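Reader: I would like to learn how to read a protein model. Could you walk me through it, feature by feature?

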Amino acid sequence: MKRIILKELFNNHQSYVGKEINIKGWVRSVRKSKAFSFIVVSDGSCQDLLQIIADENIDNYDALSSMLTGTCVSLNGLIVESKGKGQSIEMQANGGEVIGAVDDSYPLQKKGTSLEHLREIAHLRSRTNLFGAVFRVRHELAQATHQFFSNRGFFYLNSPIITNVDGEGAGEMFNVSTVSKAGFKKDDKGEIDFSNDYFGKETSLCVTGQLEAECHALGLGAVYTFGPTFRSENSNTKRHLAEFWMIEPEIAFADLDDVANLAADYIKHLIDHALKNCASELKFIHSIPFSDVDKNYVDTLKSVVDSEFKKITYTEAIDILNASNEKFEFPTNWGDELQTEHEKYLTDKHFLSPVIVTDYPKDFKAFYMKQNDDGKTVRAMDVLVPGIGELIGGSQREESLEKLESRMKELNMDLENYWWYLELRKFGSAPHGGFGLGFERAIMYITGMSNIRDVIAFPRTPGNCDF
Ligand code: 4AD
Ligand code: MG
């Protein structure tokens with residue numbers, strides 16, 4: 001008998017009524033009464049669970065009616081309209097078999113367990129209603145990303161993962177090496193000599209694909225990357241991972257306004273796609289009492305799709321923070337970095353919506369950003385969203401060779417290493433810009449999940465690299 005996936009079954013349930021089918025999945029519960037049993041099964045394809053009624057006269061009834069939660073099962077039966085509340089159809093089993101049994105040490109019993117505990121059994125958590133939902137949303141947002149950029153003529157670039165440049169100049173890189181530490185020689189200056197290492201030079205995992213995206217934007221016009229990104233920053237927070245996924249579009253002939261508008265359109269597209277394609281997932285996640293979002297969060301998200309994103313400069317942001325009566329832990333003088341508490345004040349209390357902050361002081365922004373004429377600020381933008389803070393960082397890039405070189409020298413960077421990046425400014429330079437969106441933060445924002453470890457399959461954080 002043909003196996004039908006539950007998503008297909010529920011999406012087209014009318015056409016299956018009266019038909020005999022096979023389903024396969026994992027048992028969520030079995031309730032045994034005198035002459036029959038109720039078996040509830042999920043196969044992970046959708047939020048809906050199928051209820052199966054097994055009469056005591058069917059083949060293999062003893063084995064099927066005594067299955068424990070977590071058992072993998074194959075069931076055959078007739079699809080009928082359900083009289084029960086909350087479900088359109090159910091199955092009247094006429095037989096089936098256990099594919100994979102469990103014993104009673106299976107950790108996902110019917111009663112809910114904590115998110116912390118589920119992180120420790122990340123190999124099994126995709127079998128829960130919650131994580132099934134989260135990872136289906138994640139999948140849809142990835143599809144929506146490719147759709148969005150591809151429809152707008154952006155080419156997908158697979159930027160390298162192993163690199164010899166620090167694309168952010170922040171020194172938060174994981175080394176890549178095939179030589180054990182003791183195997184390195186030191187040169188006359190006492191510096192490690194990497195010449196006998198695999199690449200003959202010091203290499204790391206990428207912190208961004210931006211510099212390579214700039215190369216291709218100035219050849220193909222518009223590109224985007226979507227790949228894993230690694231940062232060894234020692235931030236053990238609910239919003240930081242050592243390995244996360246980033247989407248980085250880069251466009252030629254663009255200024256900061258173009259970049260900001262693209263960012264707003266992209267975020268709206270992600271939300272809109274999730275609302276249309278993951279309605280039951282979002283409803284389920286938003287109804288769980290663990291995060292700050294409420295049951296009406298879908299309406300909040302809808303309003304974001306319909307609204308124009310507010311745009312303020314960093315200087316205006318500082319003025320707003322100083323005019324508030326809020327007691328912040330960190331200072332808010334002009335020139336201070338905006339901390340999470342400041343970002344959250346702007347989004348969660350002042351604007352109650354996403355906000356784009358532009359023109360930050362150059363001192364805490366990356367070397368490649370276009371310098372403003374004031375000599376103090378750069379054409380940077382961060383998109384801040386409620387509940388999360390920074391979702392996107394981007395900028396117009398410095399296209400003048402002279403200005404870029406002088407900034408890099410100021411920052412004591414090794415210009416030779418970036419020779420190819422500088423040549424972009426030497427050979428047919430053009431105004432261009434782009435941004436990076438933290439994929440996990442976008443999933444957090446849309447699902448309302450409050451810890452970044454719960455929106456990536458197998459999180460890597462300081463001191464934690466299991467699975
Ligand atoms: O602001 P960031 O550092 O910008 C860049 O990497 C630029 N190269 C982007 C560009 O212009 N092409 O990082 C971009 C975004 C952040 O806004 C945040 O959402 C996410 O990446 N991000 C992290 N997400 C999870 N864990 C971390 N450790 C992250 N660091 C940054
Ligand atoms: Mg940033």
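**Reading the model step by step**

Author: Let's begin with one residue: at 43% relative accessibility, R152 counts as partly exposed, because that class lies between the buried cut-off of under 20% and the exposed cut-off of over 50%. Please keep in mind that this is a predicted model.

Reader: Which residue does R152 meet in a salt bridge?

Author: A salt bridge pairs a side-chain nitrogen of Lys or Arg with a carboxyl oxygen of Asp or Glu. Here the side chain of R152 meets that of D265, with 3.2 Å from N to O. The two belong to distant parts of the chain, 113 residues apart: D265 sits in helix α7, and R152 in the loop between α5 and β6. D265 counts as partly exposed, because its relative accessibility is 31%.

Reader: How many salt bridges does the structure hold?

Author: There are 16. Some are joined into a network, which links E214, E250, R397 and R425.

Reader: Is E214 buried or exposed?

Author: E214 counts as buried, because its relative accessibility is 0%. Its side chain meets that of R425 at 2.8 Å, N to O. This pair joins helix α6, which holds E214, to helix α13, which holds R425, across 211 residues. R425 is buried too. E214 also meets R397 in a salt bridge, at 3.9 Å, and R397 counts as buried because its relative accessibility is 2%.

Reader: Now for the ligand. Which residues come nearest to ligand 1?

Author: Of the 24 residues around ligand 1, E168, Q210, E233, E248 and E390 come nearest. A side-chain N or O atom of E233 is 2.6 Å from a nitrogen atom of the ligand, and a polar side-chain atom of Q210 is 2.7 Å from a ligand nitrogen. From the backbone, an N or O atom of G438 lies 3.3 Å from an oxygen atom of ligand 1. The protein covers 93% of the 630 Å² of accessible area that the ligand has on its own.

Reader: What kinds of residues make up that shell?

Author: They divide into eight nonpolar, eight polar and eight charged. Strand β17 gives the largest share, five residues.

Reader: And which residues make the nonpolar surface patch?

Author: I161, I162, Y198 and F199 make it, with an area of about 410 Å². F199 lies in the loop between β10 and β11 and counts as partly exposed, because its relative accessibility is 40%.

Methods:
Residues numbered from 1 in each chain as written. Chains lettered and ligands numbered in written order. Predicted model: local features only at pLDDT ≥ 70, side-chain atom pairs only at ≥ 80, totals over all residues. Heavy atoms only, no water. Near = heavy atom within 4 Å. Polar contact = N/O pair within 3.5 Å; in protein donor to acceptor, adjacent residues only side chain to side chain. Areas by Shrake-Rupley, 256 points an atom, 1.4 Å probe, with all protein chains shown as cover. Helix = DSSP H or I, 4+ residues; strand = E, 2+ residues; numbered from the N terminus. Nonpolar A, V, L, I, M, F, W, Y, C, P; charged D, E, K, R; others polar. Patch = residues over 30% accessible without salt bridge, like charges linked within 9 Å, V, L, I, M, F, W, Y side chains within 5 Å. Salt bridge = Lys/Arg side-chain N within 4 Å of Asp/Glu carboxyl O. Buried < 20%, exposed > 50% of the residue type's maximum accessible area, 1.4 Å probe, protein only.
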